[in-house]
Amino acid sequence: MKATIKTLLPCAIAAAAMLGSCDGNRGDNRIQFENLTAKAAYRLQGTAGDFDCDSDLLWFDSVSIVMPESLYGHDIKPLRDSILRYAFDTIAAPDEAMKAFFTATIEESGYNPVEITVNDSIEAAAEGLTYVNGNVASLSGDWLTYCVTTAVNMPRAAHGLSINKYITYAMNEGRILTLSDIFTPEGIKALPAIIRDQAKRMADIIGPTSITALPSGDNFMISNDGSIIFAYQPYEVASYAQGEIRIPFYAYQLSEYMSPTGLRLFHLYSGE
């Protein structure tokens, strides 16, 4: 496995850091990230005969994670742990987590893998693929929404499967937010029907859906324009061909269902 770790501060993140630094209550206005990348390639022994081809199939794994390193001096271990859990289904040192993930992924193929040297031609020729990407989906002085994308393509499968999992972090409070933090208990009960009605109005764009509950895993994000987007994975409420189903709302449209935390987050209190 080839892995690299380097610290970086992308321009968009730097701009948000400057925005956040205008808040005089923050003693530490640093926003820093590190880039975690790794690649591995394997030859699956015995697959040539099984798949009636000239040589054994190749499997390629790739990881690229933009990992928060500092956010206004907050304790970001819960955020980092959530990213690692979504990306690798474990909480460990990044190098260990990536290595364990690669091992588990290749073992699931059911074939005896032999690790080989990674190069561009190997990646292009691979029949089996696993990609994990983690990046900032949106960022403001009030929130950070992070997206972990996992894509898997099994050898000779009809199609691959890609899923997006979102994490929303309150920049002022220094904690991960769930829907139960943003909405009241009554609001949580009301949301599935509200989302279903919105999806029906969007049917010409997203196709037919069968929404009866909130997205699994509390899967939602806040976009750069402050909209709340409820995200359903492929197959969850629609056909595979429809992909991820994203149902957006402007925050004010849901304000009557919000908790004090949600109203503060979106500056929806009267007079703000």
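Where do aspartate 81 and lysine 77 lie, and how many residues apart are they? Both are in helix 3, four residues apart, which is about one turn of the helix. I start there because side chains of opposite charge can pair when their charged atoms come close. In this case the side chains of aspartate 81 and lysine 77 meet in a salt bridge, at 2.6 Å from N to O.

Please keep in mind that this is a predicted model.

Is aspartate 81 buried or exposed? Aspartate 81 has a relative accessible area of 14%, so it counts as buried, the cut-off being under 20%.

Now the whole structure. A search of it finds six salt bridges. One of them joins the side chains of arginine 80 and glutamate 34, at 3.2 Å from N to O. That pair links distant parts of the chain: arginine 80 sits in helix 3, residues 77-88, while glutamate 34 sits in strand 2, residues 31-45, and the two are 46 residues apart. Glutamate 34 has 10% relative accessibility, and therefore counts as buried.

Next, glutamate 173 and arginine 175. Their side chains meet in a salt bridge at 2.6 Å, again N to O.

To recap, helix 3 holds the pair of aspartate 81 and lysine 77, and arginine 80 in helix 3 is paired with glutamate 34 in strand 2.

Note on methods. Residues numbered from 1 in each chain as written. Predicted model: local features only at pLDDT ≥ 70, side-chain atom pairs only at ≥ 80, totals over all residues. Heavy atoms only, no water. Salt bridge = Lys/Arg side-chain N within 4 Å of Asp/Glu carboxyl O. Buried < 20%, exposed > 50% of the residue type's maximum accessible area, 1.4 Å probe, protein only.
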